[in-house]
Amino acid sequence: MSVSSGERTLVDEEPQTLAIAVMGPTGTGKSTFINLVVESGLLVGSELESCTDSVNFSSPFTLDGKHVILMDTPGFDDTKTTDGDVLKMIAASLSLCQGSHLKLAGVIYMHRIVDNRMGGISSRNFRMFRQLCGDSSLSKVVIVTTMWDQIDITVGEAREAELRNKSIFFEPVVTRGAHMARHDNTHASAISIIRAILSRYDEHTQLQIQEELGDGLDIGSTKAGMELEQDIRERSTRYKADLRAVMDEIQETIRLRDEESRRELAQERERLEAMIRRLEHDSASLSSGYAEIRGRLEARVQSSTRSISLHAVPAAAQPVIAAAETESNAIFEGKIAAAFPMLGFWGRVAVMLAPFSLSWK
């Protein structure tokens, strides 16, 4: 080990840090959960509009002697980001958690117990989640039901049993090793869930997407990428059918000289055409976008070789400073360096992650 003036170099003994990814649809309480644990100041959105349009890392903290960080991820229903970009962000971040200093301890998948059914958006999110994880790594997964304070306990328990035991919901993953837990929106509840994941940590178990990318597969050739491509094709087919129906209705309004209905249908036509264009762009840019993101991230890792003092990680460190879109990477790196004076590895990770906050729009 090389030590100078109480410092450790990045290439020597850095403490291993365990990452926990928090996933699920928009509005399930992902950012709120993380803020309860570490007070990271992550923005909290409404049930309909997401405030997480990139992968955000919480402030680092220690729990039972382990260095931990939480990853706040957008859902595959994000109001600001395409599903393809969401997949690329999550995949790139998970691939980061394969080094000697940063490992993925587990994954939390959040579901609102107040939802009386698993609709199309929730089903799509969970299908993508399944393909990211695979089957062999499900021991790393905890399915967390949230918003118990908004439902009668008897009704909630009945829904929980249905989610656990029905094959159209979570039964397939529970029988293969995933766990279910309730979150009552308290710090103690969140910490108990984190502890449960840490207690089952196995550094040799990787998610399916990590193994696939590690084997050199293109993002579009992974199980998650193929699932997304299929979903894009199916949605595009539906939108095109809807568009044809709208065009027929427009022709009818012209024949009837119903100008008000024609204007309303014209707006619907524009909406459908925009959705089709977005899906086509999403499909075309899936693989190339990931390669660019991954390449930039690798370059950051290789260039980050300076030494940074290593101090104890506080239980609730200061929030990560977010950069404005107009700031340069150099300016942002300076801010991040100031925000992370205490931890050698996390000073490095903060610099590596700087491009993410600047390039997802």
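Which residue of strand 8 is the bridge partner of His111? I will come to that in a moment, after a word about what we are looking at.

This is a predicted model, in which local features need pLDDT of at least 70, side-chain atom pairs count only at pLDDT 80 or more, and totals for chains, interfaces and linings use all residues. Residues are numbered from 1 along each chain as its sequence is written, and side-chain values use heavy atoms, with hydrogens and water left out.

Let me begin with the whole chain, which has 12 helices and 10 strands; here helices (H or I, at least four residues) and strands (E, at least two) are DSSP runs, numbered from the N terminus. Of its 361 residues, 50% count as buried, where buried means under 20% relative accessible area, exposed means over 50%, and partly exposed lies in between, with a 1.4 Å probe and protein chains only. If we take the contacts with a separation of 6 or more, 74% of them come from residues 24 or more positions apart, a contact being heavy atoms within 4.5 Å.

Now back to the opening question: the partner of His111 in strand 8 is Thr145. Strand 7, residues 102-112, pairs with strand 8 in the parallel sense over 6 bridges, and two strands are said to pair if DSSP finds at least two bridges between them.

Next, strand 6, residues 66-72, where 6 of 7 residues are buried. It pairs in the parallel sense with strand 3, residues 17-23, over 6 bridges, and there Thr17 has His67 as its bridge partner. Strand 4, residues 56-57, runs antiparallel to strand 6 and is joined to it by 2 bridges, with Phe57 partnered by Met71. Strand 5, residues 61-63, is also antiparallel to strand 6, through 3 bridges, and Leu63 stands opposite Lys66. Strands 5 and 6 form a hairpin with 2 residues between them, and Asp64 in that turn has a positive phi of about 55°.

What does helix 1 pack against? The buried residues of this helix pack against strand 3, strand 5, strand 6, strand 7 and helix 6, residues 187-199. Helix 1 spans residues 30-38 and has 7 of its 9 residues buried, among them Phe33, Ile34 and Val37. Just after the helix, Glu39 takes a positive phi of about 50°.

Let me turn to a pair of helices. Helix 2, residues 83-96, and helix 8, residues 223-256, pack at an angle of about 175° with their axes 11 Å apart, and that makes helix 2 roughly antiparallel to helix 8. For the terms, axes are lines fitted to C-alpha atoms, for helices over the stretch in contact, and angles run from 0 to 180 degrees between N-to-C directions; under 35 degrees counts as roughly parallel, over 145 as roughly antiparallel, 65 to 115 as roughly perpendicular, and the rest as oblique. Helix 2 contributes Asp83, Gly84 and Leu87 to the contact, and helix 8 contributes Ala224, Gly225, Leu228, Asp231 and Arg235.

Finally, an unreviewed UniProt entry places a "coiled-coil region" at residues 255-282, and in the model that stretch is 93% helix and 0% strand, with its end C-alpha atoms 37 Å apart.

Key
UniProt positions are given in the numbering used here, feature names are shortened, and annotations may be inferred rather than shown by experiment.
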